[in-house]
Amino acid sequence: MLRALGLVVGLIAAISLAPRADAATAAPGAPAVPGTGIAPLFPDLFDREIVQRVQTLLQGIGLYRGPVDGTMSEATRQGIRDYQRASGLPIDSEATKALIAHLESAAGQGQRLIQRLDEIKDDQIRSARAGLLSRPETRNLVATDPGSDRLGIADPTRDPTACFKDPTTACLLGEALETTKSIARVEFRDWALGDIIQVHTRLGDFTAAWRTAGLIQDARSIVNALGSIARTQTEVGSPSDAVATARLIPDSRLRGETLLAIMETLLHRGLATPARAILGETLEATASLVEPRQTVPLLSRLAVAQARLAETADSGQTLARAVGRLGAIEGNIDRATAIAAVASAQAAIGDTPAALASVARIGESHLRGPALIAIVTAQVEQGDTSSALATAKTIEDARYRVTALARIAGSQISKHGMEAAKTTIGEVRTAADRVDFGYAKSYALSQVAELLVATGAFEDATIIAGRIEDERLRAQVYWQVASAQQGSGDQAGFERSWTATNQAIRAIISGPDRAWMLSTIAIEEARRGDRERAKQSFTRAVEAVSDVRNPWFRARSLSRLALALAEMN
């Protein structure tokens, strides 16, 4: 049930091995720290050139800290909302030509506006700083002088050659830290430190994670880092440490969100008793929230967690609170996102009629897709395949219909075998052929190929892979085919597909993207027991990173290598 609700965010990016190294998203209202951001809900509904121009202009006035990549991320929408609020414009979170015109006008004569935005940012930083200083446990994370930099200056004489020749987790993290010192902009430097913190936490070195958090300059990013540490502590099996860390987060919204994420992980693992133990704290943290755009999704998730704990009456009351706040949300996309969260929760607790009624409140048909997919997933998890198929067929947008049908087909394959999914796979292929949006087309084809791999139709999957334009997705599919062929004993087929995988990887222009893909393959090959191929892929990943000159990309890639090496070992 919790997984169904989680589909509301990050829908299109779900199959990717990892976020692109140059396209991560920031947490709303604060600098990005890995593990606290969310992927775009409707990433392909906007003209990429318009979004890129909006991102550039927002970046120029300090309202957007992410990459200028044309992705309509939550960080982008948050920047638009902040600008619209400060400018007295209607808040709709949308990237439009009219917004560009207003931004360009503001760029020429908006010194007063920029000053107001700086005041908003300063207030946020002061609030975060005061919250951290109020607790003795977090006081040492904040520099005495707000403008001071604890990180220091990079050593220009350092030589990474020895580390690249014989890499260890320690030397890769050390090189990542040194490279981070060369990043000019504070927000990107703090982001790279967040990557290092995640690796330390995943390795169980909470002391090093805490020490690195103290190097972050922006107090808002320190707060976000605490949330990231707590989430990762839960994932690596230290829930008591995670709860202790979450309690130190001064921001009530982020504290409640983090505690809820811990609960969800525990419930997914069947650990109801420790999850119930922090329910009261989670409710307390969310009780004072007033911003409906943030509150509705959080309350919706909380209602599902309560239902999992058999707190039926309380779950209903929490969901009613969420529904009651929908009317206060402005902007079509923000309202659709919130309604989708409510509908997902309703479906997850078994009230499909109410979920469908909620989706009907979303005016634009193209915005209903994510909510309907969440309903389909809940129906699949509840074993109601016929209802799931009926719901999937109401999805008008082919991009979302592909994903919904693919989830149904995957369930049919796992439960009943290839023959049971044959018709549904055919419908997935038909829907995929109707998708014609750049990356969305590649993603749709990758879902078809994944189903074909699951059924053993390796040749058909290889043909589909050849049609995928996105280099990373194409490489991923070839690798999936190769892995399945090796597992089935088809050594000749495996060698052909492995060659195709390497050719596709070489076609990836971005060094960080290439390194990310190779390090992921190294991890998976090691898990499958093929340590020789794992080592080959990791060595190539190191070579790719050694050629990266941009310090932000290089630092993030080095952190990824350190994590990969640790998991391989």
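Tutor: Let us begin with a definition: a salt bridge is a side-chain nitrogen of Lys or Arg within 4 Å of a carboxyl oxygen of Asp or Glu. Side chains of opposite charge can pair when their charged atoms come close. Please bear in mind that this is a predicted model. In it, Glu281 and Arg247 form a salt bridge through their side chains, with an N to O distance of 2.7 Å.

Student: Where in the chain do Glu281 and Arg247 lie?

Tutor: Glu281 belongs to helix 15 (residues 279-287), and Arg247 to the loop between helix 12 and helix 13; the pair is 34 residues apart and links distant parts of the chain.

Student: Is Glu281 buried or partly exposed?

Tutor: Buried means under 20% relative accessible area, exposed over 50%, and partly exposed in between. Glu281 has 25% relative accessibility and is therefore partly exposed. Arg247, with a relative accessible area of 41%, is also partly exposed.

Student: How many salt bridges does the count give?

Tutor: The count comes to 27 salt bridges. One of them joins Arg185 to Glu187, whose closest N and O atoms are 2.5 Å apart. Here the two partners fall into separate classes: Arg185 is partly exposed, with a relative accessible area of 33%, whereas Glu187 is buried, at 17%. Another salt bridge brings together the side chains of Arg220 and Asp218, at 2.8 Å from N to O, and both of these residues are buried.

Student: Which residues are linked in a network of salt bridges?

Tutor: The network of salt bridges links Glu74, Arg77, Arg81, Arg293 and Asp334.

Student: Let us turn to aromatic residues. How many aromatic pairs does the structure hold?

Tutor: The structure holds five aromatic pairs. One of these is formed by Phe188 and Trp191, whose ring centres are 6.2 Å apart with 10° between the planes. Planes under 30 degrees apart count as stacked, and the pair of Phe188 and Trp191 is stacked. Both residues lie in helix 9 (residues 186-202), three residues apart, which is about one turn of the helix. Phe188 is buried, with a relative accessible area of 12%, and Trp191 is buried at 2%.

Student: What arrangement do Phe188 and Trp552 form?

Tutor: Phe188 and Trp552 form an edge-to-face pair, 4.9 Å from centre to centre and with 75° between the planes. Since Phe188 lies in helix 9 and Trp552 in helix 30 (residues 551-568), the pair ties together parts that are 364 residues apart in sequence. Both Phe188 and Trp552 are buried. The ring pairs also extend to a cluster that links Phe188, Trp191, Trp552 and Phe553.

Student: Which residue has its charged end over the ring of Trp498?

Tutor: The charged end of Arg533 sits over the ring of Trp498, 5.0 Å from its centre.

Student: I turn now to covalent links. Which residues does a disulfide join?

Tutor: A search of the whole structure finds one disulfide. This disulfide joins Cys163 to Cys171, with an S to S distance of 2.1 Å. The torsion about the S-S bond is about 80°, so the disulfide is right-handed. Cys163 is buried, with a relative accessible area of 10%, whereas Cys171 is partly exposed at 24%.

Student: Finally, how many helices and strands does the protein have?

Tutor: The protein has 30 helices and zero strands. Of its 569 residues, 55% count as buried. Among contacts between residues at least 6 apart in sequence, 64% join residues at least 24 apart. The accessible surface of the protein comes to about 22900 Å², of which 51% belongs to carbon and sulfur atoms.

Notes. Residues are numbered from 1 along each chain as its sequence is written. This is a predicted model: local features need pLDDT of at least 70, side-chain atom pairs count only at pLDDT 80 or more; totals for chains, interfaces and linings use all residues. Side-chain values use heavy atoms; hydrogens and water are left out. Rings of Phe, Tyr and Trp (its six-membered ring) pair if their centres lie within 6.5 Å; planes under 30 degrees apart count as stacked, over 60 as edge-to-face and the rest as tilted. Helices (H or I, at least four residues) and strands (E, at least two) are DSSP runs, numbered from the N terminus. Buried means under 20% relative accessible area, exposed over 50%, partly exposed in between (1.4 Å probe, protein chains only). A charge sits over a ring if NZ of Lys or CZ of Arg is within 6 Å of the ring centre and within 35 degrees of the ring normal. Contact means heavy atoms within 4.5 Å. Accessible areas come from the Shrake-Rupley method with a 1.4 Å probe; for residues, only the protein chains shown count as cover. A disulfide is a pair of cysteine sulfur atoms within 2.5 Å.
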